[in-house]
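Q: I'm new to this one and would like to go through it slowly. Could you take my questions as they come?
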Amino acid sequence: MSFFAQFDFSVIAPSLPFLWEGLKFTAKLTLIAMAGGIFLGTLLALARLSSIAPLAMAATWYVNLMRSIPLLMVILWFFLIIPLLTGKPMGAETSAIITFTAFEAAYFSEIMRAGIQSVPRGQVFAGQAIGMTYWQTMSYVVLPQAFRNMLPVLLTQTIILFQDTSLVYAIGAKDLLKAAEIAGKNYGRPIEMYVFVALVYFLICFALSRLVKHFQARTAIIR
Amino acid sequence: MIQIDNISKWYGQFRVLTDCSTHVTKGEVVVVCGPSGSGKSTLIKCVNGLEPFQQGDIIVNAISIGDPKTNLPQLRAHVGMVFQHFELFPHMSITQNLTIGQVKVLGRGKEEAQQRALKLLDRVGLSSQADKFPGQLSGGQQQRVALARALAMDPICMLFDEPTSALDPEMINEVLDVMVQLAQEGMTMMVVTHEMGFARKVADRVIFMDNGSIIEDAATEEFFGTPRSERAQIFLSKILSH
């Protein structure tokens, strides 16, 4: 019997609707954690760069703490601790979304901090000189430029985030990987399923990285 | 209009400004010159509070800059400033550069702001560049846009921080011409520059700074005739001989 004859890939087609549900959650988790993470990350970055010492310190602590704990542990801890604190259980999906947003915010904040610092100080002066307040200077002058400068890095981090979402399988949230595991068990064909989802992960990440290249060329500021 | 009283400023231990005092009355054009590192750029940035100072006070249009209760953004909205490196917003078109402050700070309507912007672009001779981006313009053109951006806010006075120092020689005049015109229209101006030709032509007074202090503060003819300090004499002889 040859090596390939051991596999039966015909089990994939009937599993597609089920896997699709898993992929939908993976996508939802990625998008929410990206949007929420960038939003909160930007606020964290502004806090870290602020001249208000307690604010800067709190933000620095948060970012360093999140970055020194393995993501899998944050996912597990949050999932286990919240029911103890609130007295009622939280769904694995909701727990995953909150954990990822909070965790990614730390990484996105480092990217945004670098982005904000990449905007020359003179730009801040120029905004202030025409009477803009701190928030106006940030929202109209600094952050739009920081975003453009950092877009490739933000997207790259999102690709990593997309791959990391597979960790939620540890708390039983039904993402693409979990769906593959269940389908694999149902048909007694786990290897075929894992090979297939690996291909799906690869194709999506590959497409996203091409998108990064495309954006890199398109959003560059003429200087 | 601008009253500077015994300003001192430190960067940590290093004293950059020492007891600087002067004043600019309405309609007056005052040129500030001096060797690099003498504190002139720092001084002019103190006037609209972009740089904080630790001692003394500056009163602009009867409002104290040093008073922590002063609403600095509100004050700056009416004090125009032009920078050495133009500092146009690179992600906005030329027109957007001129309208953003009018709309977001002054609360003008989009339509009105647009018209004002086009009028000012016409004035600095750049109407045809309205839809371009700063990076597509030459340095001289960018600086004229920066001037128009400041004027769009209807400033009561204008501050210039070495407006021509970053320009190629052939572009200096196109910027100076606009500044001369502005001065002749009666704009109150405080100008940090090495352009002594400009100073002679339009300045009412010249201030000479060295090592963070104002060494000389004299009427223009007096300054160019017989500077009192030896330091200013040496500076002048160097700068005028080339």
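Q: Let me start with one residue: is Arg189(A) buried, partly exposed or exposed?
A: Keeping in mind that this is a predicted model, Arg189(A) counts as partly exposed, because its relative accessibility is 26%.

Q: And which residue does the side chain of Arg189(A) meet in a salt bridge?
A: The partner is Glu192(A), with 3.1 Å from N to O, and Glu192(A) is itself buried, with a relative accessible area of 2%.

Q: Which residues of chain A are joined into one network by salt bridges that share partners?
A: That network is made up of Arg48(A), Arg67(A), Glu110(A) and Arg113(A). Within it, the side chains of Glu110(A) and Arg48(A) meet at 2.7 Å, N to O, and this pair links distant parts of the chain, since Glu110(A) belongs to helix H4 (residues 92-117) and Arg48(A) to helix H1 (residues 12-49), 62 residues apart. Both Glu110(A) and Arg48(A) are buried.

Q: What about Glu110(A) and Arg113(A), how are they placed in helix H4 of chain A?
A: They are 3 residues apart in that helix, which means that about one helical turn separates them. Their side chains also meet in a salt bridge, at 3.2 Å from N to O. Arg113(A) is partly exposed because its relative accessible area is 22%, whereas Glu110(A), with 17%, is buried.

Q: Then how many residue pairs are in polar contact between chain B and chain A?
A: The count there is 4 residue pairs, with both residues at pLDDT 80 or more. The buried area between the two chains is about 1,900 Å², and carbon and sulfur atoms give 68% of it.

Q: How many residues does each chain bring to that contact?
A: Chain B brings 25 residues and chain A brings 20. On the side of chain B, Phe89(B), Pro90(B) and His91(B) supply 28% of the area which that chain buries against chain A, more than any other three residues.

Q: Which elements of chain B give two or more residues to the side that touches chain A?
A: They are helix H2 (72-76), strand E6 (79-82) and helix H3 (94-104) of chain B. H3(B) gives the most, with 3 residues, and the residues of this side of chain B divide into 14 nonpolar, 5 polar and 6 charged.

Q: Is H3(B) mostly covered or mostly open?
A: It is mostly covered, as 8 of its 11 residues are buried, among them Ile94(B), Leu98(B) and Ile100(B). The buried residues of H3(B) pack against H6 of chain A, together with helix H4 (110-123) and helix H5 (139-151) of chain B.

Q: Switching topic, which residues touch the most other members of the largest nonpolar core?
A: That core has 52 residues, and the ones touching the most other members are Ile2(B), Ile4(B), Val47(B), Ile58(B), Val60(B), Leu159(B) and Met190(B). The largest share of this core, 7 residues, comes from helix H6 (residues 134-164) of chain A. Apart from it lies another core, of 51 residues, which includes Phe86(B) and Met187(B).

Q: Back in chain B, which side chain does the side chain of Asp161(B) make a polar contact with?
A: It makes one with the side chain of Lys45(B), at 3.1 Å. Asp161(B) is in strand E7 (residues 157-161) of chain B, and it counts as buried because its relative accessibility is 3%.

Q: Last one: what does the side chain of Arg205(B) reach at 2.9 Å?
A: It reaches the backbone oxygen of His23(B), and a polar contact of 3.0 Å joins the side chains of Arg205(B) and Asp217(B). Arg205(B) is found in strand E9 (residues 205-210) of chain B and is buried, with a relative accessible area of 11%.

Conventions. Residues are numbered from 1 along each chain as its sequence is written. Chains are lettered from A and ligands numbered from 1 in the order in which they are written. This is a predicted model: local features need pLDDT of at least 70, side-chain atom pairs count only at pLDDT 80 or more; totals for chains, interfaces and linings use all residues. Side-chain values use heavy atoms; hydrogens and water are left out. A nonpolar core is a set of buried Ala, Val, Leu, Ile, Met, Phe, Trp, Tyr and Cys residues joined through side-chain atoms within 4.5 Å. Buried means under 20% relative accessible area, exposed over 50%, partly exposed in between (1.4 Å probe, protein chains only). Helices (H or I, at least four residues) and strands (E, at least two) are DSSP runs, numbered from the N terminus. Contact means heavy atoms within 4.5 Å. Buried area is the accessible area (1.4 Å probe) that two parts lose on being put together, summed over both. A polar contact is a pair of N or O atoms within 3.5 Å; within protein, one must be able to donate a hydrogen and the other to accept it, and residues adjacent in sequence count only if both atoms are side-chain atoms. Ala, Val, Leu, Ile, Met, Phe, Trp, Tyr, Cys and Pro count as nonpolar, Asp, Glu, Lys and Arg as charged, and the others, Gly among them, as polar. A salt bridge is a side-chain nitrogen of Lys or Arg within 4 Å of a carboxyl oxygen of Asp or Glu.
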